[in-house]
Amino acid sequence: MPPTPTTVQVCTSCGRLRPLGYFRATRRGAETRRGQCRLCHASYEKCRRLAGRAKALSHFQTTMRKETNAVRAVNLVGEMTRRFGGVQKFAELWHARLWGLCAQKPGSRAALSGLTAVIRLMQHCSEARPKRNLDDFTDEEIESEIQAIRETADALGVHR
Ligand SMILES: [Zn+2]
């Protein structure tokens, strides 16, 4: 009598008995299956991605905080927006991280480092803008500047 093929396997992570369909093949077309079920693998990958993001943001903040060169600062932001899939996404992630740090560990080295990085970046941005006399602005330009400041304040969660 031929041996009955195994249709279930125990996951090495969660210890649950699961149907074989829950386990990826070790290689395409291979008979052998991975030890970890798809659910455990997905949650492991998610943790790894989040840890990678946190590490990248932490490194970005540390570098930005100390960056004295505006071009390098801009390049650094460019790297982060590419990594995180756009300015909006990067800003959201950075904001969430900063907000978390300031709420959970106010006054900590990490929170202060993050805030210093924001100020440094703002400093580079304001220095990069052409200096103009207030008299040279049209009313529309002044309105637009005020609106931009309001939007920045809202994005940073500053209460007005
Ligand atoms: Zn599992």
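Helix H3 passes helix H4 in a left-handed crossing. Keep in mind that this is a predicted model. H3 covers residues 87-104, and H4 covers residues 109-128. Their axes come within 8 Å. The crossing angle is roughly 140 degrees. Angles over 145 degrees would count as roughly antiparallel. H3 and H4 are therefore oblique to each other.

Which residues make the contact between H3 and H4? From H3, we have Leu98, Leu101 and Cys102. From H4, we have Ala110, Ala111 and Gly114. Sorted by class, that contact of H3 with H4 has 5 nonpolar residues, 1 polar residue and no charged residues.

Now the other pair, H1 and H2. Helix H2 runs over residues 70-84. H1 and H2 pack at an angle of about 170 degrees, and their axes are 11 Å apart. That angle makes H1 roughly antiparallel to H2. On the H1 side, the contact uses Ala56, Phe60, Thr63 and Met64. On the H2 side, Ala73, Leu76, Met80 and Arg83 take part. The contact of H1 with H2 divides into 6 nonpolar, 1 polar and 1 charged residue.

Last item: Glu31. Glu31 sits in the loop between strand S2, residues 17-19, and helix H1, residues 38-66. Is Glu31 buried or exposed? Glu31 has 8 C-beta neighbours inside 10 Å, so Glu31 counts as exposed. The cut-off for exposed is 12 or fewer. One distance to finish on. Glu31 and Glu45 are 14 residues apart along the chain, and their C-alpha atoms are separated by 23 Å.

Technical notes
Residues are numbered from 1 along each chain as its sequence is written. This is a predicted model: local features need pLDDT of at least 70, side-chain atom pairs count only at pLDDT 80 or more; totals for chains, interfaces and linings use all residues. Axes are lines fitted to C-alpha atoms, for helices over the stretch in contact, and angles run from 0 to 180 degrees between N-to-C directions. Helices (H or I, at least four residues) and strands (E, at least two) are DSSP runs, numbered from the N terminus. Angles under 35 degrees count as roughly parallel, over 145 as roughly antiparallel, 65 to 115 as roughly perpendicular and the rest as oblique. A crossing is left-handed if the near helix is turned anticlockwise from the far one by less than a right angle, and right-handed if clockwise. Two residues are in contact if their C-beta atoms, placed from the backbone, lie within 7 Å. Ala, Val, Leu, Ile, Met, Phe, Trp, Tyr, Cys and Pro count as nonpolar, Asp, Glu, Lys and Arg as charged, and the others, Gly among them, as polar. A residue is buried if 20 or more other C-beta atoms lie within 10 Å of its own, exposed if 12 or fewer, and partly exposed in between; C-beta atoms are placed from the backbone.
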